Amino acid sequence: MPLPGASPDRRRTPSESRQATRELSHALFTELAAPTTSATRRVSCREDLVRLHLPLVDHCARRFMNRGEPLEDLVQVGTIGLIKSVDRFDTGRGVEFSTYATPTIIGEIKRYFRDKGWAIRVPRRLQELRMSIASVTGEMSQDLGRSPTPREIAEKLGVTVEDVMDGIESANAYSTLSLDAGETNEEGTGNSILDQLGVDDEGLAHVEIRESIKPLIEALPAREKRILLLRFFRGMTQSQIAEEIGVSQMHVSRLLNRTLEQLRSSLREVS
Amino acid sequence: MSHRPDVELRLPAESAYVAVLRMTTAGLAARLDFTLDDIEDLRMAVGEACALVLDSAEPGGDLHAAFDLSDGTIRVSVSADSRGGSEPDMDSFGWQVLTALTSEVETSREGQLRWVSFTVRSSIAV
């Protein structure tokens, strides 16, 4: 329901646009709450409200980007939080809807990370262990100048070597950032990690790649290609790569293993 | 030095079991105080070596793995009965990955048995 005389979005300043959203939101909630409103109209008010506030979900979901889950999935679970908020919102409380909805949306996204981010259901203990390992591995690599051994990690965390190996193994069950889950910026074009990587790298320009695998490597997403080249043609360790591109060593491990797996199956198809 | 491997494992010659082998290898390397980077290399190398031998493996056959463990060094041999007489392709990507990650990579055929072996040393071995 466009407001009479409202100018098209692109001509509004952001604050005017926010003001318009607030007014429309308020009008819809008032209508939704009114006892005289028909059931059909209520359904459409609810839908309009959800649609109106989708940018809020998008905004919340972006705060969780680059943590191993595709943005679309985060938006999807965040939208569930939004729907819950629309259903529970009470205009009488005197707070803005966005203020009320934000914690619910973020809560829903966090819950998704906690429960659904795993390809296999991994016990909470292992999830926590995995996170502790990931964080001390980074620290210890800095201190030692090399990656730590499982025993060193175990001593640091006060657990057994077996626990550490369990934790590392469980990391493999954590669903990988899908290879096409490119990051998107405000304009919807790819950015972030890929931009930070810088596609042209002088060192890599001199790398000789066998003709047979060249097209396959060329076809890889930029990040996977770079990780592969850094590991095999530059001889960098996973920890060094992790440091260079700013992700955890476990993430490098997953991406690398997945890339190798992909290359293997593509090569099999070719031959 | 004896040539008796310290650990042996026999598995169905199917790619689904490679994960078990990778996990076992990681466990052995942890026991030898390899660093996480070394362990990751080992896991990848095992995956590639298995891919090489399974490529021509007899369906329903066995995948055999033997580990020679010593201080700071682990030598892995994987083998499987193969159909046909082709040698592992040394130009293949898998072979390149293997030689990049490990040392003393060897491959050969003994009768029907095709094997690949390689050595990984702990980067902090004295």
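**Entry 1: α6 and α7 of chain A**

I looked up how helix α6 (residues 124–144) of chain A sits against helix α7 (residues 150–157) of chain A: their axes come within 10 Å and cross at roughly 110°. Axes here are lines fitted to C-alpha atoms, for helices over the stretch in contact, and angles run from 0 to 180 degrees between N-to-C directions. The angle makes α6(A) roughly perpendicular to α7(A) (under 35 degrees counts as roughly parallel, over 145 as roughly antiparallel, 65 to 115 as roughly perpendicular, the rest as oblique). Helices (H or I, at least four residues) and strands (E, at least two) are DSSP runs, numbered from the N terminus.

I then listed the residues that meet: A:Ser132, A:Ile133, A:Val136, A:Thr137 and A:Met140 from α6(A), and A:Glu152, A:Ile153, A:Lys156 and A:Leu157 from α7(A). Contact means C-beta atoms, placed from the backbone, within 7 Å. By class I noted five nonpolar, two polar and two charged residues in the contact of α6(A) with α7(A) (Ala, Val, Leu, Ile, Met, Phe, Trp, Tyr, Cys and Pro count as nonpolar, Asp, Glu, Lys and Arg as charged, and the others, Gly among them, as polar).

**Entry 2: model and numbering**

I am reading a predicted model, in which local features need pLDDT of at least 70 and side-chain atom pairs count only at pLDDT 80 or more, while totals for chains, interfaces and linings use all residues. Residues are numbered from 1 along each chain as its sequence is written, and chains are lettered from A and ligands numbered from 1 in the order in which they are written.

For chain B I noted a mean pLDDT (the predictor's confidence in each residue, from 0 to 100) of 86, with 93% of its residues at 70 or more. Within chain B, confidence is lowest in helix α3 (residues 93–101), at a mean of 83, and highest in strand β1 (residues 7–12), at 94. The predictor gives the complex an ipTM of 0.80 and a pTM of 0.57.

**Entry 3: α1 and α2 of chain A**

The axes of helix α1 (residues 14–33) and helix α2 (residues 39–52) of chain A come within 9 Å and cross at roughly 155°. That makes α1(A) roughly antiparallel to α2(A). I recorded seven nonpolar, two polar and four charged residues in the contact of α1(A) with α2(A). Among those that meet are A:Leu24 and A:Leu28 in α1(A) and A:Cys45 and A:Leu49 in α2(A).

I counted three helices and five strands in chain B, in the order β-α-α-β-β-α-β-β from the N terminus on. Buried residues make up 44% of its 126 residues (buried is 20 or more other C-beta atoms within 10 Å, exposed 12 or fewer, partly exposed in between; C-beta atoms are placed from the backbone).

The contact between the chains takes 21 residues from chain B and 25 residues from chain A. On the chain B side, α2(B) gives the largest share, six residues. I classed that side as eleven nonpolar, six polar and four charged residues.

**Entry 4: positive phi in chain B**

Most residues other than glycine have a negative phi. I found B:Asp33 with phi near 60°, in the loop between α1 (18–31) and α2 (36–54) of chain B. B:Asp33 is partly exposed, with 17 other C-beta atoms within 10 Å. B:Glu104 has phi near 50° and lies in strand β4 (residues 103–110) of chain B. I put B:Glu104 down as exposed, because it has 11 C-beta neighbours inside 10 Å.

Terms used:
Two residues are in contact if their C-beta atoms, placed from the backbone, lie within 7 Å.
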